[in-house]
Amino acid sequence: MVETVRIYLLLAGTWMRSAAQYPASMAMLLVTQAVTTSLDLLAILIMFAHTPRLGGFSLPEVMFLYGSAGVAVSVADIVLGTVERLGEHIRQGTLDTLLLRPVSPLVQIATEDFNPRRMGKLVPTGTVLVLALTRIDTTWTPSRVLTVPLMLAGGIGIFCALWVLSAAWQFAVVDGKQAGNSITYGGAYLTQYPLSVFGREALRGLTWVLPLAFVNWEPALYVLGRPDPLGLPLVFRFASPLVAVVLSAVAALAWRTGLRHYRSTGS
Amino acid sequence: MRLYAWIAAYAFRRYSTYRVAALSAAFTNTIFGFIRAGVLIALWHSRPSLGGYDVTDAVTFSFLTQALIEPVRIFGGSLDLTERIRTGDIAIDLHRPADLQGWWLADDIGRSGFALLSRGTIPLLGGSLVFSLRWPAPAGWAAFAGAVLLALLVSFGLRYLVSLVVFWLHDDRGIHGISLVTSMFFSGLIVPLVVFPGRLGTVAHLLPWAALIQLPADVFLGKRTDLLHVYAFQAGWAVALIAAGRLLTMTARRRLVVNGG
Amino acid sequence: MIEVDEVGKSFTVRRRTGRLRRTRTLIDAVDRISFTVAAGEFVGYLGPNGAGKSTTIKMLTGILTPTSGRVRVAGLDPSRQRTALARRIGVVFGQRTTLWWDLPLRDSLTLVRHLYRVERSAHRARLAELTELLDLGAFLDTPVRQLSLGQRMRGDLAAALVHDPELLVLDEPTIGLDVVSKATVREFLTRLNAERGTTILLTTHDLGDIERLCRRVMVIDHGRLAYDGSLRALRSTLDADRILIVDLAHPAPPIEVEGARVIRTEGPRQWLAIPPDGNAAAVVAAVAGRHEVEDISLREPGIEELITRLYASGVPAGR
């Protein structure tokens, strides 16, 4: 595991150094990325121009959800975002080239074109999270304070796993990348909002089937001191890291299975 | 004229070979339709007749605009034309007996045709399975079709201009980024334009991006029955943008000749 | 170094027959081939397109898992020990690059260095050596996408050798190269094999490659190993004649000379066939002695002719 991280950092560093030769382009791309990500934030602000509460949640509370989901997604995207290119690699035959090397193809694809531009997403989301934390109306007990990093860690893990899953899906359907976007980018969009606005059925599905509820919703209920509409036990508020671990195991299995299948049938 | 019809048909066929990718994308468009519908329902719960829409209008808007994303290319910053300019193949195109802009417009119409069939229908169908949507009367459908066609022309006009920019700017990623962001925001995809507060809303309704999906949606929902005004707005922008495109093409052609291709 | 034992690879190919139906056919891309390559050898691997060359290469390098049989490269099982094996071999694809398209060559080589865990000082020395041997200096800082084919091939070679592998596998490396680049690559490979003892397996369509580089040749056709032995033996097995092209001063009736027979005449030019074990020099002397000769040239039977004959006779020839 340590070795994997080490290789990851070495490869990412090499790509970054290469991108750094064009600082103006890098800066511009970073800004573009930040602005694009801010559009969702703008949408929320516009909506709150018309109402003090959305689905029963105040603006700072929604900001908190937006920020926490946003940071989780941004970090996952930075670390593993490019993995979704797997389909292109299979189509162009370049996956074979990656398999020639003594490094996991997952790490190679994940570090491809590693670029400070990727950090652009963190700018609006991170800023909003910090602001929201200062503005939400709650009593900050020590356990509530600790729940925040727990939430972020879990959220990052869950989105990393979802990205790998959506990539592994492309082993089965090579041109299916856009379908995978529904869980990665769809999930990113969804978790910006209080999940209760999508109804009880959806909330149940997002807890038990596609566990996006654990990205920020469950821990947020605890931090904001709100009751759980589904009435699940308290332990669920802190289950994010565990869910992330389980989902990651599923994702790893999916990836390995897909790769094994690819290696037995060729391109 | 027949040449352009052929180009459009050829483009339609070309894009229709990417069936799996189109279905994949349509699936995700539908999912996003559901998510956006959920959010708008919450908003309309607090403000039941916001912007003159009711909840059913808002939900229909979500799925309809998702359906229109690809036909009207909200996310497409530029045309494949950019690549040809970058490689220099454009010199060949400019020597062809067909009008460059006309060529690409015909190509885009073919592409859009297939997109309407594949990605334009599924989100609406998917949405209608769960929600009750607002459907237009037969006359409404005809009016809607007209609005979509004009929207496509406006969209083409915008993308054509962005494509040509690469003639002058070698690094066009900045322009593409800006184009993408303005398109997403001012088309009403992120939030319906009718929700834009005060002056922001007024300005947004004057910009060309309003013609892309907001106006066709308003026609579909029966919110805008003053078709003459709607079509005039769309056509006006279409003409202006396409004319600007022709001017730019002439300038580009001159520049190409001067620089020796 | 390489042990291939009764290895087979079959694919299920789905084809559309009519509107809705699909048939599945099982294709044996590789059908029970066996061969051994010892360390330090330089072996050529030939075959027509679709014969199973690439499939064999993919199984040797771990990209593809065999359906049956046993493969061992450097003592390792490529499909189970892919990463361990990857550290010890280098692969070059002629038709596709292993370099990164948008990066300068130097950065590509740095990435490779990290991937193979080569120490910085070792890398610097090796890079200097490779730069000199392959003449990379001029374009080390050029993005790979701007390189000419010959330059890119040399770059790919360097990338495959950064970690000093025991085995180098090349899949059609000289395809599309100009004469000078081909010569550079061939000379480089010869030296690599001779001086460093690197085992080399080379697949190619280029007769020149085989004739100049390999002593041993394996021929695969329709998934089966049709021949495995030396080039010279292949020539004599197939009874391929050498052709002497004689340009006489004036048109003449077919030349009669011992050890050769005329197979074709066209005006003053005559084609004489000399059997493989014949003495070409004697024939040349005899012809020149008896006739007024303007020009004379000797043509070895090309690989293509040999191969065509091989396939035509369907010979699973001996060694």
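**Sheet, helix and chain contacts**

Colleague: In what order do the six strands of the open sheet in chain C sit?
Modeller: Six strands make up this open sheet, with mixed pairing; two strands pair if DSSP finds at least two bridges between them. Bear in mind that it's a predicted model, where local features need pLDDT of at least 70 and side-chain atom pairs count only at pLDDT 80 or more, while totals for chains, interfaces and linings use all residues. Residues are numbered from 1 along each chain as its sequence is written, and chains are lettered from A and ligands numbered from 1 in the order in which they are written. The order in chain C is S5-S6-S7-S3-S8-S9.

Colleague: Which strands of chain C stand at the edges of that sheet?
Modeller: Strands here are DSSP E runs of at least two residues, and helices are H or I runs of at least four, both numbered from the N terminus. An edge strand has a single partner, so one side of it is left without a neighbour in the sheet. In chain C that applies to S5 (89-93) and S9 (224-230).

Colleague: What is the bridge partner of C:Val217 in S9(C)?
Modeller: Strand S8 (216-221) of chain C pairs with S9(C) in the antiparallel sense, over six bridges. Within S9(C), the partner of C:Val217 is C:Gly229.

Colleague: What angle does helix H1 of chain C make with S6(C)?
Modeller: H1(C), residues 53-61, packs on the sheet and touches S3, S5, S6, S7 and S8 of chain C. Contact means C-beta atoms, placed from the backbone, within 7 Å. Axes are lines fitted to C-alpha atoms, for helices over the stretch in contact, and angles run from 0 to 180 degrees between N-to-C directions. The directions of H1(C) and S6(C) make about 150 degrees.

Colleague: Is C:Pro251 buried or exposed?
Modeller: C:Pro251 is in the loop between S10 (242-248) and S11 (261-266) of chain C. Leaving aside neighbours within four places in sequence, its contacts are C:Gly267 and C:Pro268. Buried takes 20 or more other C-beta atoms (placed from the backbone) within 10 Å of a residue's own, exposed 12 or fewer, and partly exposed lies in between. With 11 such neighbours, C:Pro251 counts as exposed.

Colleague: What arc do the buried residues of H1(A) cover?
Modeller: The buried ones in H1(A) are A:Tyr8, A:Leu11, A:Ala12, A:Thr14, A:Trp15 and A:Ser18. They are on the same side of H1(A), because their arc (from the directions from the helix axis to the C-beta atoms) is only 155 degrees.

Colleague: Which helices do those buried residues of H1(A) pack against?
Modeller: The face of H1(A) turned away from the buried side carries exposed A:Val2, A:Val5, A:Arg6 and A:Arg17. The buried residues pack against H6 (105-111) of chain A and H3 (105-115) of chain C.

Colleague: Which element gives the most to the side of chain C that touches chain A?
Modeller: This contact involves 22 residues of chain C and 17 of chain A. The elements of chain C giving two or more residues are H1, H2 (82-86) and H3. With five residues, the one that gives the most is H3(C).

Colleague: How far apart are the nearest C-alpha atoms of chains B and C?
Modeller: Two pairs of chains touch, with the most contacts between A and B, where chain A gives 31 residues and chain B 30. Chains B and C do not touch, and their nearest C-alpha atoms are separated by 13 Å.
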